[in-house]
Amino acid sequence: IMSLVPLSSHTGSWGDRGRGSGLLHRVVSSVSQPAGSRQHIARMPTMEELGLKSCDHQVGGHMKKDGNTPDTLIDDKGRFYKPYQNDARNLREAAFYSMMWGSRGADADGSEPEASTNPLGEWGVGEMYGPAQGQLPKPEDAAGLRTFIPKFYGVTKVEDRQYMIMEDICRGYTQPCVIDAKIGFSTLYTWADEKYQKKVIEKDATTTQSTAGFRISGVQVWRVKEGEMHKAERQWGKTLTKDTIHTAFELFASNGALSPRDLYFGPQGAMARLQAIRDWFATQASFCFYQASVLLSYEGTATRMEDANVQVHLIDFAHTFPTGGKRDDNFLSGLDALLSILKTHCDK
């Protein structure tokens, strides 16, 4: 017998560790006892019992200590499980998704849920949100953004680990081709602690972030003729320069059956969606995004564009903040740089 049991609340201000979460649950099952026993022992089901498995199409972050195994999970219902800890970054991201989709998460039929009180605390309120904290997004900006992000289903606990549950945007692909690009010429926000600032300043300077306007976190592509998946992880991305970063997008588009021009610029290509995201960024003045990514995907076994199902999403919102009414020119300029590289190198 499966049931959802709320975890006990944690206390503290939203700017510290957050309020008690009605989204946070653990899944338990009752274990049968010998006849005459009135005692029930609750246990955590295994990942296998819940239909969970390692997310093989994960590129970029959230890898296990061995550096090669994804630390994220997927289930057979089209949901993606991202590790969650009760720290500022994870609280911000869960609160962001909860604000966008309602604290109960996206409805199973894909429709938008009714607005509800966010038990994780209100996104944008508290000192962890920087100098513009308290400036909540305009409804029209949030509505536009919602069309580009994965759906959210709450936070759960499995085998003593907590996960954010969101839409598996690669569900339906047989062999998903994926590229993850972190956008913006800078990932630094000045209200972060000194240790974090030092870390991102070094990373921006030693990758293409500060020169190209984005960096590649990972790429995977299915090669039709070989019948094999090829992966280029974060370390490979660190070897790229401003002059060679275009090769990542050429690699992503190299399944051997579809052309880069079709994948990016054809009627069913990625450029229309990327341009729509760019148009939204040009007008919105509610959010600023640091270390957020553009994630492109398509079906690697496709030999016709009609079967490719090219998708473009925005992901990773642990460092997303209110703007105080200003446009996010850092992200916008990085996105423009990416579009320029695609037009220069892939429209052939």
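Visitor: What joins strand β13 (residues 293-299) to β14, and what makes two strands count as a pair?

Guide: Five bridges join β13 to β14, and the two strands run antiparallel. Two strands pair if DSSP finds at least two bridges between them, so β13 and β14 qualify. Leu 295 stands opposite His 313 in β14.

Visitor: How do you know where a strand or a helix is?

Guide: Both are DSSP runs, numbered from the N terminus: helices are H or I with at least four residues, strands are E with at least two. The chain has nine helices and 15 strands. A word on the source: this is a predicted model, where local features need pLDDT of at least 70 and side-chain atom pairs count only at pLDDT 80 or more, while totals for chains, interfaces and linings use all residues. Residues are numbered from 1 along each chain as its sequence is written, and side-chain values use heavy atoms, leaving out hydrogens and water.

Visitor: Why is β14 called mostly covered?

Guide: Five of the five residues in β14 (residues 311-315) are buried, where buried means under 20% relative accessible area, with exposed over 50% and partly exposed in between (1.4 Å probe, protein chains only). In a regular strand the side chains alternate between the two faces of the sheet. In β14, Gln 311, His 313 and Ile 315 are buried on one side, and Val 312 and Leu 314 on the other.

Visitor: Why is α8 called roughly antiparallel to α9?

Guide: Helix α8 (residues 271-283) and helix α9 (residues 329-345) cross at roughly 155 degrees, and their axes come within 10 Å. The label applies because angles over 145 degrees count as roughly antiparallel (under 35 is roughly parallel, 65 to 115 roughly perpendicular, the rest oblique), so α8 is roughly antiparallel to α9. Axes here are lines fitted to C-alpha atoms, for helices over the stretch in contact, and angles run from 0 to 180 degrees between N-to-C directions.

Visitor: Which residues make the contact between α8 and α9?

Guide: Contact means heavy atoms within 4.5 Å. The residues include Leu 274, Ile 277 and Phe 281 of α8, and Phe 331, Leu 335 and Leu 342 of α9.
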